[in-house]
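User: Hi, I'm new to this one. Could you walk me through it?

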Amino acid sequence: MRVYHFAGSTTCRPVEMFAAEAGIALQLIPVNLMTGEHVGPGYTAKNPSQQVPTLEDGDFVLTENAAILRYLATLSDSPAYPKEPKARARVDEQLDWFNTGFSREFCYGAIYPRVMPHLGYEDPAVQAAVNARCTAKGERFMRILDQDMLKDPGPFLGGAEPNLADYMGVAYATLGEMARFDYAPYPRVQRWIAAMKARPGWKAGHGAWEGWRDHVLSQAAA
Ligand SMILES: N[C@@H](CCC(=O)N[C@@H](CS)C(=O)NCC(=O)O)C(=O)O
C-alpha cells in the first residue's frame with residue numbers, strides 16, 4: 001500500500017501513526033509541497049485537490065485523511081473505529097469536528113499563517129484581523145476539547161484506548177507547538193497529548209514533524 005505524503009504534514013501524520021500501530025506497512029512516497037510537486041500534472045492526476053495524503057491500494061486511489069483512516073481501520077479490523085453504530089457515529093462526529101471547525105479556525109486561521117506566512121492573506125491588516133478572530137475561535141475549540149470532549153477518566157477521546165479521532169486530532173492540536181501556543185489553560189488537552197506522545201506509533205507518525213517544529217522554533221528564537 002502506497003501513501004503519497006509530505007514529511008511532517010498535519011494531515012499525513014495521523015495516517016502514518018495509525019498505520020504503524022495497526023501493523024499496516026505503508027510505502028511512503030514523498031511529494032514536495034515546497035517545490036510545487038503537488039500541483040504538477042502527475043500528482044494532480046491522482047489527487048485533483050493537489051493535497052496530501054493520497055493512498056493507493058492497487059488501482060484503488062483514496063484521498064482525504066479521514067477517509068484513509070477509516071479505510072485502514074476497516075481493513076485491519078481495528079477497535080479504533082468501532083462497529084457498534086452509536087460508538088461509530090461518535091467517532092465520526094469527533095472526526096468531523098476536528099476536520100471542519102477545529103482545523104479551519106485553529107490550524108488554518110490561527111497557527112499556519114504564523115509558521116508559514118505564505119498561507120496567510122497578503123494584506124497585513126486583513127491577516128491581523130483574521131488571526132485575531134481565528135485565535136479567539138481556536139481557543140474556544142480548545143476549551144471545548146478540554147472541558148467537553150476529553151472528559152475524565154480519559155485520557156483519550158475514546159476513553160482508555162484511542163479512536164481514529166484521537167489520531168487525527170492530536171496532529172491538529174499539536175500544530176500549536178510550532179507557534180508556541182500556550183496549552184497551560186487546557187490540562188486535559190495536555191494530558192491527552194502526553195498520552196498520545198507516549199504511544200508506540202508516535203515517532204513513526206510525528207518524528208519528522210518534531211524535527212521541523214524544533215527547527216522552526218530555533219529559527220524564531222534566533
Ligand atoms: N481535506 C484534506 C486536506 C489535506 C491538506 O490540507 N493537506 C495539506 C498538507 S497538511 C496540503 O497538501 N497542502 C498543499 C496545498 O493545499 O497546496 C485531508 O484531510 O486530507
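Analyst: Happy to. Helices here are DSSP runs of H or I with at least four residues, strands are runs of E with at least two, and both are numbered from the N terminus. Residues are numbered from 1 along each chain as its sequence is written. The model is predicted, so local features need pLDDT of at least 70 and side-chain atom pairs count only at pLDDT 80 or more, while totals for chains, interfaces and linings use all residues.

User: New topic: which domains does the chain have?

Analyst: The assignment gives domain 1 (2-75) and domain 2 (85-221), with bounds that come from an automatic or database domain assignment. Their C-alpha centres lie 20 Å apart.

User: How many residues of each are in contact?

Analyst: 15 residues of domain 1 are in contact with 19 residues of domain 2, where contact means C-beta atoms, placed from the backbone, within 7 Å. On the domain 1 side, helix 1 (13-22) and helix 3 each supply at least two residues. Helix 1 gives the most to that side, with 7 residues.

User: What is that side of domain 1 like by class?

Analyst: The side of domain 1 that touches domain 2 has 8 nonpolar, 3 polar and 4 charged residues. Ala, Val, Leu, Ile, Met, Phe, Trp, Tyr, Cys and Pro count as nonpolar, Asp, Glu, Lys and Arg as charged, and the others, Gly among them, as polar.

User: Back to helix 3. Which residues are buried there?

Analyst: Asn65, Ile68, Leu69, Arg70, Leu72 and Ala73 are buried in helix 3. Buried means 20 or more other C-beta atoms within 10 Å of a residue's own, exposed means 12 or fewer, and partly exposed is in between, with C-beta atoms placed from the backbone. The buried residues of helix 3 pack against helix 1, strand 3 (54-57), strand 4 and helix 6.

User: How many C-beta neighbours does Glu64 have inside 10 Å?

Analyst: Glu64 has 17, so it counts as partly exposed. Arg180 has a positive phi near 50 degrees and is in the loop between helix 6 and helix 7 (187-197). Arg180 is exposed, with 12 other C-beta atoms within 10 Å.

User: Last one: at what angle do helix 4 and helix 5 cross?

Analyst: The axes of helix 4 (residues 85-115) and helix 5 cross at roughly 140 degrees and come within 7 Å. Axes are lines fitted to C-alpha atoms, for helices over the stretch in contact, and angles run from 0 to 180 degrees between N-to-C directions. Helix 4 and helix 5 are therefore oblique to each other; angles under 35 degrees are roughly parallel, over 145 roughly antiparallel, 65 to 115 roughly perpendicular and the rest oblique. The residues of their contact divide into 9 nonpolar, 7 polar and 2 charged.

Notes
Two residues are in contact if their C-beta atoms, placed from the backbone, lie within 7 Å.
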